[in-house]
Structures are given as C-alpha cells and as structure tokens.
Amino acid sequence: MHAMPILTIEAAESLLGVLEDFLDSSEASFALIIERGGAILGQHGEIPPSIDPTTVAALAAGSFAATKELAHRIGESEFSALHQQGKERQIFMSAVNEDTILVTVFGARTTLGLVRFYSVRAVKRIASILEHARQQSQIPIDLGDTVLDNACEVFDERDGRRR
Amino acid sequence: MSIINYVNKEIQFKIVYYGPALCGKTTNLTYIHSQVAEAHKGELVSLATAADRTLFFDFLPLNAVVVKGFKTKFQLYTVPGQVIYNATRQLVLRSVDGIVFVADSQWDKMEENIESFKNLEENLQRQGSSMEQVPYVLQYNKRDLPNPAPVHYLDFILNNRKVRVPSFVAVATTGQGVFATLNAISRLLLQKFARENEAAAAKQQARTAAGSQATTALSGIAAAAARRG
C-alpha cells in the first residue's frame, strides 16, 4: 500500500478534468474517485441531492474490498472491475491502482459497454496523475494553535451542534 | 491516513470503533447520530444481519470544525465484533487514522476484551501499522450493569503500554461518555495532523534555506571566476 498523495489544487483539477471528459464521452451520470479506505479524492457529474457521495464511497470501497477477498478464494488476485445493475441506475467500479477505485453511476442514457470502454482511458489518466502527485513533496497546512488547545471540543453534544 | 483536498479545502479522517462482540460500538454511533444536528451529519448506514448484529460495518460521516479555512470531516466506522468476521475487520481498518477501542466492563467479558485488543494489534501489523503509530483511546462501556470490573483493573489489562492513552467510562445506551470519547480521539487526530504538518513545514523551510545557500555559494564561485578571468 502506498501513501496517498496530497491532492494539490493542480492534481485535484487534473482529476476533475479527467472525470469531465469521461462523463462527456460515456454519458454516465456521475463518477467518484475514491481511496480504498472509503475517502473521496474527486467527484464530478449530476449527483442527485438524495444521494450522499460520502456514503456511496464508503459502501463502494467496502463492496470492492469484499469482492477482492472473494477473488482470492477462487485464485484471482482481484477482480479489476465490478458491475451492479438496478432497474434505473447501475454502478461500475474499476481499480485504478493499489489504493484507488473509479466509481461510475449511470442510467438509461448510456450502456455498460460504453462506460467500460471509456473508463479504461480514464483509469490510466487518473493513475498517472496520482502517481505524479505522489512524487510531489507535501504542502504543509498550518492549522495554528487552535487544534492544539486541549480544551477545544471538536463535537458539542449539549445542543447537538458542532462548534 | 488523513486525506487532504486543496480544491474543496477539506481534511478527511477515518475513525474505527473496535472491540469485542456486543460491547456497544454500534450504540456509540447511534447515540452520536441522534445528537448531531442534521446539517453536520450524513446518514448512519448499518450493514447488519436480521438480528441487528453488525455484519460488515456501520458508517457515520460527520462534519466538524473549520480550521484555517479547511473543513474537517470525520468518518466513523465500526467493525463486526464477532470472532469469525476477522477478514471484514481487516478491510474496515484499511487507511484508519484513529481508533476507539470499546471494552465491555463486565467481569465475564475480560477475556474477550483482551482477545479483541490483541486481534486489533495483529490486524494493524498485517497492514504495516501498529498501536504506536495510530492514535487510539479506550472506552470502558456498560458501567451501568451490575458489578462492573473496576476502572483500574481495566486500565491494568488494556492500558498497560509504555504510553498510557486516554480512557473513558461510558454507558453508551444513555450517551454517558460517548462524546467525551469522540472528542478525545478527534483532538488526538487533529493534534497529530498539526504536528506532522509543522514538521513538514520545517523540512520545507530547511530545504528552501539550503537551496538559497547553494545559490549564494554558486554566485560566489561565479564572481570569483569572473574576477580571476
């Protein structure tokens, strides 16, 4: 497992550019680039308000990880792609590299074949951007003394509000 | 590891609630979900069996403080506590930033607490990490049940490493100790993140200084060569 790259503005914008091209060509609804632990690295497309991409990412990472274990049981190192079909929407997931997955949600406007076809190029471009980002040095963020104050409560229970 | 996104100005952390079966990991998340305002939480997702036992994981995304323009997001997960689901626990632990180990305070659960803690250590090692590297806190839950083990005994069996970690007594069903635990692990993660960034900033500064010194030295050599010429 590699250390995840820090997403600089340049890297994040390049990833968005790839997703934009991919969605334009494939006519899929939206796509997420997720880290295999479940965190989102990039997202693009028409995400309906009823869909929480954070939850989709966590479940997709879990689902992909589970099928990887399944692959091991039948002598494969992993299934490089995973497809789930519903009545109106489908999900196609493809492995980008050891740490990252491309998750694509699409409807009746397109087909699995088209999504799969265009995802191959997108995956290569994403892998290359992430590899480049990994080689860049980390840009530090100065969070200041706020977080070092032990008295600071991150979550406030009393009235259900965050601070 | 924490994920930083400079475009969305977000820092994401993954916290995993670990512990033996039926110790109250899911109850912690359920209570947190009931208390945090809608705007700052996502849906609580539970992948459970028909008997409400965690099969894969529970998941709760939370938005927390905004520091220096960066939104901090915490994603809370639980693992299934039952011994047979170890492969699943390993999957959920992937990329973990911080851990809450929930222990069951009942006397007859001590062996299960110790086994689960050892299992956590082994699973971290399997992914090339360790308890020394990943911040964690302990929660001694179910203090309301009759005859719980004393806190100093729980500390003796679970909090006996070189560096003692924060521990909290809790009754997750009523919420007692739940937010104290969550705040403690969140603070530890933010502090670790701040320390690491401070170190990275110092390194970068040193590199820049070394670069400018080298440039000065090169200019000196060039000037000397020009004088000789």
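Colleague: Which residues does A:Ile34 touch, not counting residues up to four places away in sequence?

Modeller: This is a predicted model, in which local features need pLDDT of at least 70, side-chain atom pairs count only at pLDDT 80 or more, and totals for chains, interfaces and linings use all residues. Residues are numbered from 1 along each chain as its sequence is written, while chains are lettered from A and ligands numbered from 1 in the order in which they are written. Two residues are in contact if their C-beta atoms, placed from the backbone, lie within 7 Å. With residues up to four places away in sequence left out, A:Ile34 touches A:Ala39, A:Ile40, A:Leu41, A:Ala57, A:Ala60, A:Ala61, A:Thr100, A:Ile101 and A:Val103.

Colleague: Is A:Ala57 buried or exposed?

Modeller: A residue is buried if 20 or more other C-beta atoms lie within 10 Å of its own, exposed if 12 or fewer, and partly exposed in between, with C-beta atoms placed from the backbone. A:Ala57 has 26 other C-beta atoms within 10 Å and is therefore buried.

Colleague: In which helix is A:Ala57 found?

Modeller: Helices (H or I, at least four residues) and strands (E, at least two) are DSSP runs, numbered from the N terminus. A:Ala57 lies in helix H2 (residues 53-73) of chain A.

Colleague: How many helices and strands are there in chain B?

Modeller: Chain B has five helices and eight strands. Their pattern along the sequence is β-β-α-β-β-β-α-β-α-β-α-β-α.

Colleague: What does the C-alpha trace of chain B span along its principal axes?

Modeller: The span is about 90 × 40 × 30 Å. Of the 229 residues of chain B, 44% count as buried.
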